[in-house]
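Look at the sequence and the model first.

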Amino acid sequence: MVKILSFVFITITLIIGRESWAFESCLQEQMRLRAQVRQLQTRVKQQQITITQLLQEKEIQFLDKGQESNAIDLGGKRQYADCSEIFNDGFKHSGFYEIKPLQSTSEFSVYCDMSDGGGWTVIQRRSDGSENFSRGWNDYEKGFGNFVQNNGEYWLGNKNLHLLTVQGDYTLKIDLTDFEKNSCFAQYKSFKVGDEKSFYELTIGEYSGTAGDSLSGTFHPEVQWWASHQRMKFSTWDRDNDNYKGNCAEEEQSGWWFNRCHSANLNGVYYGGPYRADTDNGVVWYTWHGWWYSLKSVVMKIRPNEFIPNII
């Protein structure tokens, strides 16, 4: 009897021991599998981040540089110095075209506005806040933005502005729209941007329009000495060329022809109309909506002063 009981006890002990060992082995296997799953999840997340970054870089390159096929085909007829020549050669549809100013070494893409009399070369556009305009000197010099979509935001580039306006006398027209669906414009004869040695100095002539003369600051003689942008050098956060003791471009978060600091800042931060900030850094045209209203859309475009449309 004792032997039988001992056998039963030993048998039960062995069974319990095996079950305990099996349970411990199962737990260890679960822990090992969970660790592998975590490693795989980490790798997947890293790959997803890498893929997202690559897609973003490709998208930025796509938007900044545009596509060769995006420009309207001119049939290789000739090289055009600006959009007015394209218009007068029979191309009446607005869109992106390739132009080559007289002193330029290569062609570049630009949006041609063939409405409003036709022949306008668009040098800047703000439409929805999708593009970052708080950029450094190099970006503003070479140009940046969305050269793919017809309403995309971009800055054509100070070097290109000089190459365009050194060809002759150009008129600058600025079309402005607010968030209440109102619109107006400001127009300046003899718009010119200097070369790199002059820090792309701005020159403007006679004003006309409905928006008020914010660029030359003639709206009030007591503020013109600090509000006028006439003969101002271009400034960015990393190249301070203004007349202010601080850095206007850094405070206003844009590149522009600042004085002390501005009565117009069309490259400012994109807000939704009235705004509050430490400085008046919105998309501002003072003589229309003051310093504390940021405009909805802006188009800056140029055309030769003596442009005569070919309507044949």
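Numbering the bonded cysteines of the protein in sequence order, what is the pairing? The pairing is 1-2, 3-4.

This is a predicted model, in which local features need pLDDT of at least 70 and side-chain atom pairs count only at pLDDT 80 or more, while totals for chains, interfaces and linings use all residues. Residues are numbered from 1 along each chain as its sequence is written, and side-chain values use heavy atoms, with hydrogens and water left out.

The structure holds 2 disulfides. A disulfide here is a pair of cysteine sulfur atoms within 2.5 Å. Such a link is a covalent bond between the sulfur atoms of two cysteines.

| Disulfide | Sulfur atoms apart | Torsion about the S-S bond |
|---|---|---|
| C83 and C112 | 1.9 Å | -75° |
| C248 and C261 | 2.1 Å | about -90° |

The link of C83 and C112 is left-handed. It joins distant parts of the chain, 29 residues apart. C83 sits in helix α2 (residues 83-88), and C112 in strand β2 (residues 108-113). Helices (H or I, at least four residues) and strands (E, at least two) are DSSP runs, numbered from the N terminus.

The disulfide of C248 and C261 is left-handed too. C248 lies in helix α6 (residues 248-252) and C261 in the loop between α6 and β10 (264-265), so the pair ties together parts 13 residues apart in sequence.

Are these cysteines buried or exposed? C83 is buried, at 0% relative accessible area. C112 is buried, at 0%. Buried means under 20% relative accessible area, exposed over 50%, and partly exposed in between (1.4 Å probe, protein chains only). C248 is buried at 0%, and C261 is buried at 9%.
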